[in-house]
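Reader: Could you walk me through reading this model, one feature at a time?

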Amino acid sequence: MSKKIQSAAMDRLFDGILSLKTKEECYTFFEDVCTINELLSLSQRFEVAEMLRNKVTYTEISERTGASTATISRVNRCLQYGNDGYSLVLDRLNETGNK
């Protein structure tokens with residue numbers, strides 16, 4: 001975990017997120033907390049991460065998602081050298097059949 005962002009306020013935010021029980025609750029909460037563009041960027045990065053793990057090329061990822069090569073490269077760096085957050089979630093989704 002990154003010590004740079006760890007705080008009581010972040011803990012409270014994450015506790016709030018963990019309290020959500022349905023996708024509808026997630027939509028309701030995140031539409032209030034984030035702008036539409038922030039949510040679209042988050043979902044795009046997540047989609048890029050999954051495609052990178054599946055060995056899709058940068059060109060194809062860019063064409064299919066609209067992500068810039070800078071975004072794709074940033075996500076790839078996280079996959080290679082980050083805290084394994086993307087992998088943790090993608091692995092869990094695959095385990096539960098939510099591909």
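Author: Buried means under 20% relative accessible area, exposed over 50%, and partly exposed in between, with a 1.4 Å probe and protein chains only. Here, buried residues make up 16% of the 99 residues in the chain. This is a predicted model, where local features need pLDDT of at least 70 and side-chain atom pairs count only at pLDDT 80 or more, while totals for chains, interfaces and linings use all residues. Residues are numbered from 1 along each chain as its sequence is written, and side-chain values use heavy atoms, leaving out hydrogens and water.

Reader: How many helices and strands does the chain have?

Author: Helices (H or I, at least four residues) and strands (E, at least two) are DSSP runs, numbered from the N terminus. This chain has six helices and zero strands.

Reader: Which residues form the largest nonpolar core?

Author: A nonpolar core is a set of buried Ala, Val, Leu, Ile, Met, Phe, Trp, Tyr and Cys residues joined through side-chain atoms within 4.5 Å. The largest one has 11 residues, including Val 48, Met 51, Ile 61, Ile 72 and Leu 90. Helix 3 (36-53) and helix 5 (69-81) each supply at least two of its residues, and the largest share, four residues, comes from helix 3.

Reader: What does Leu 90 touch?

Author: Contact means heavy atoms within 4.5 Å. Not counting residues up to four places away in sequence, Leu 90 touches Phe 46, Ala 49, Glu 50 and Arg 53.

Reader: And which residues of helix 3 meet helix 4?

Author: Gln 44, Glu 47, Val 48, Met 51 and Leu 52 in helix 3 meet Tyr 58, Ile 61, Arg 64 and Thr 65 in helix 4.
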